[in-house]
Amino acid sequence: MDHEPGEDAALLGRLAEAADRWTPLVALDPPHGLVLDVTGCAHLFGGEAALRDDVLKRFRAGGFSVRASLAGTPDAARALARFGRVAIVPPGGEATAVRPLPVAALRLAESERAALSLAGLKRIGDLADMASAPLAARFGEELPARLRRALGRDDVRITPLRPPPAVRVEKRFAEPIAHQQAIEGALGELVSRAVARLEETGRGGRRFEAGFFRTDGAVRRIAVETGRPSRDARAVLRLFHERLDALADPLDPGFGFDVVRLAVPTVEPLGQAQPGLDGKAIEEDEVSDLVDRLAARFGPERVLRFASADTHDPARASRLAPAPAAPAAPGRDMGHRQEAGEPPLRPLQLFEPPQPIETLAEAPDGPPLRFRWRRALHRVVHAEGPERIAGEWWRAPGQPTRDYYRVEDDEGRRFWLYRAGLYDRETARPNWYLHGLFA
Amino acid sequence: MPDLSALRRAISALERSSACEAGDLFGFGAPEIDGALGGGIRRGALHEVYARKEPDSAAAAGFGLCLALRAARGRPLVWARQEFLDVETGALHGAGIAAFGGDPASILVVRPQDAAGVLRAASEAARCPAVGAALVEVWGAPKTLDLKASRRLGLAAEKSGVTLVMIRRAAAPEPSAAQSRWSVAAAVSTALEANAPGRPAFDIELLRHRSGLPPRAFRLEWDRDSLSFAAAPLPRSVAPVPADRPARTAESALRRRAG
């Protein structure tokens with residue numbers, strides 16, 4: 001089988017997700033390592049040794065051969081896991097543990113390692129006793145810095161894959177849970193605990209993320225977002241219900257979840273609820289809650305609001321943008337102002353891309369007399385135009401100028417047609433398109 | 001007599017609710033049709049708009065928007081439509097909604113994949129009293145849209161006061177719990193100067209009304225400035241009036257009366 005680095009990286013990413021069960025601070029150490037910051041986590045698993053055993057047991061159950069070391073700094077632990085035999089380094093013992101390791105444990109480039117080897121420096125211990133200034137002068141600043149970190153003299157924390165959430169609550173089960181009801185009950189309890197924590201600090205969550213950890217290591221994360229900071233447990237739980245209901249591939253408990261975790265990664269200050277004197281603010285909040293519920297159910301890309309752009313290109317003048325990200329914006333006319341008393345000059349529905357039609361026109365630069373669209377023939381009785389809209393040459397040069405006509409057929413159906421290209425100047429046989437339908 | 005006072009209370013409660021019913025109507029803004037409807041149609045109820053023929057879908061959507069704008073009184077609108085309708089009849093166009101008299105910034109567009117999703121979105125919107133009106137655009141006759149579903153929507157609308165306008169396209173009218181049912185076709189507009197198409201015109205037909213009003217047909221024009229309908233003048237005779245001799249006076253008198 002060929003080596004596929006992409007697949008390996010993806011697998012490592014999945015393992016990092018699964019390692020999230022022990023600590024939220026997980027970093028990748030490519031190509032085949034993970035660094036876990038378990039500061040303050042070990043007691044949850046019955047001590048450092050038990051934690052390490054749990055890690056080894058679970059990865060071995062997944063069919064991996066795995067080595068793990070626990071040390072005071074990430075670099076020392078990494079060096080020991082890859083090159084040493086010490087499982088757990090007692091506090092302050094990094095230097096002793098790391099000294100016998102080969103210099104390769106310092107994450108050196110091949111050329112540096114060769115240079116050190118030529119100089120007779122083969123073990124970390126050989127380097128540890130040297131003054132750092134000559135080392136830096138000979139091999140660069142990086143080497144002494146790595147050495148100090150590996151020896152535990154310098155402590156640089158890892159950069160976790162996902163930043164630690166502001167609030168995190170979890171529930172562990174001795175007996176894995178698989179029933180829908182038990183799962184929802186656990187989620188309900190976690191939400192109310194998280195909400196209480198948010199209340200203590202006067203904050204509200206904008207994003208709530210539930211993680212379901214299966215006994216076999218698979219992790220499923222489900223997130224809901226709210227348009228404004230919230231700590232309404234019922235509303236959040238309702239969003240989770242919507243989300244779980246609408247999942248294309250439902251939550252598969254397998255042999256059960258043994259950890260359910262709720263994280264609130266995005267929080268914002270939220271004062272005590274205070275209704276405004278006019279009902280306006282309440283109404284806005286209600287609509288924003290509706291947006292949250294619809295977005296949880298259908299996905300944010302299906303709940304949209306009109307966003308106006310400063311352009312005269314009709315296709316771009318009013319585009320639909322996901323509502324959760326785009327609050328109601330002013331700009332009533334969407335780039336097209338109309339005089340009072342005029343009929344609507346822009347169609348209610350716009351085809352993108354415009355639909356080609358066959359036309360018969362009296363004059364090459366006049367409105368069509370008849371046109372055929374979707375195999376039906378329309379006889380034009382009323383027409384107005386042209387309204388000339390030039391292409392935006394600064395975006396895509398060479399676009400033909402469009403001459404738009406508002407036409408009505410003999411059955412009262414109103415259409416927005418255009419001729420692409422100025423007759424005789426840009427094209428000899430201009431094409432016609434139907435761009436929109438008026439009501 | 002506790003029984004009698006209880007009865008009195010019950011009766012007054014009944015009266016109140018019927019009074020509230022009568023008061024919560026929205027008219028079309030044209031005296032002809034409002035008179036025929038006894039003031040208008042119910043706010044906080046389900047109304048159905050059918051496209052008479054498939055090509056009238058755009059007119060049905062427009063008429064539905066007119067009703068929603070009149071019912072909403074400036075409050076936000078929710079427009080739920082099946083995703084594939086964007087391919088079939090074009091995507092909703094903000095500038096066009098503005099040109100029609102609506103405020104695109106206050107419209108929330110929900111675009112579920114299927115009819116079941118559209119109904120789901122509609123029932124969510126119908127439970128949010130802050131929403132003025134919701135437009136529900138459904139293609140064909142999906143199985144999920146049965147009598148029970150429409151009754152549920154109607155009840156939710158009644159409770160929250162949200163007016164639901166269901167736009168049925170490519171479907172034949174079928175029994176439902178709607179308060180009123182309309183069939184809409186596009187109508188030739190009154191041309192402006194230089195033969196330009198005029199204000200949006202609709203041929204509408206009241207197919208069914210809960211309170212048993214007889215079926216009637218109207219021809220209406222939509223005025224985007226005042227957000228109201230006006231009875232359209234009769235269509236001009238197709239044959240042009242000869243320029244060299246005056247039109248018959250009797251005919252023009254008839255026209256004035258009718259207009």
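## Arg224(B)

Arg224(B) is buried, at 13% relative accessible area; buried means under 20% relative accessible area, exposed over 50% and partly exposed in between, with a 1.4 Å probe and protein chains only. Its place is the loop between β11 (216–223) and β12 (228–231) of chain B, where helices (H or I, at least four residues) and strands (E, at least two) are DSSP runs numbered from the N terminus.

The model is predicted: local features need pLDDT of at least 70 and side-chain atom pairs count only at pLDDT 80 or more, while totals for chains, interfaces and linings use all residues. Residues are numbered from 1 along each chain as its sequence is written, chains are lettered from A and ligands numbered from 1 in the order in which they are written, and side-chain values use heavy atoms, with hydrogens and water left out.

Beyond four places in sequence, Arg224(B) has contacts (heavy atoms within 4.5 Å) in both chains, including Gln338(A), Glu342(A), Pro343(A), Ala98(B) and Phe100(B). The side chain of Arg224(B) reaches the backbone oxygen of Ala99(B) at 2.5 Å, and one of its polar atoms lies 3.2 Å from the backbone oxygen of Glu339(A).

## Arg302(A)

Arg302(A) sits in the loop between α11 (280–298) and β7 (303–308) of chain A. With 15% relative accessibility, Arg302(A) also counts as buried. Glu83(B) forms a salt bridge with Arg302(A), the closest N and O atoms being 3.3 Å apart; the term requires a side-chain nitrogen of Lys or Arg within 4 Å of a carboxyl oxygen of Asp or Glu. Arg302(A) also touches Val109(B), Val110(B), Arg111(B), Pro112(B) and Gln113(B).

## The contact between chains A and B

Chain A contributes 59 residues and chain B 66 residues. The two chains bury about 5100 Å² between them, 58% of it on carbon and sulfur atoms; this is the accessible area (1.4 Å probe) lost on putting the parts together, summed over both. Seven salt bridges are counted between chain A and chain B.

## Nonpolar cores

A nonpolar core is a set of buried Ala, Val, Leu, Ile, Met, Phe, Trp, Tyr and Cys residues joined through side-chain atoms within 4.5 Å. The largest has 44 residues, and Phe28(B), Phe63(B), Trp182(B), Phe202(B) and Ile204(B) have the most contacts inside it. Helix α3 (residues 57–72) of chain B gives the most to this core, 11 residues. A second, separate core of 35 residues includes Val287(A), Leu294(A), Ala295(A) and Leu108(B).

Technical notes
Polar contact = N/O pair within 3.5 Å; in protein donor to acceptor, adjacent residues only side chain to side chain.
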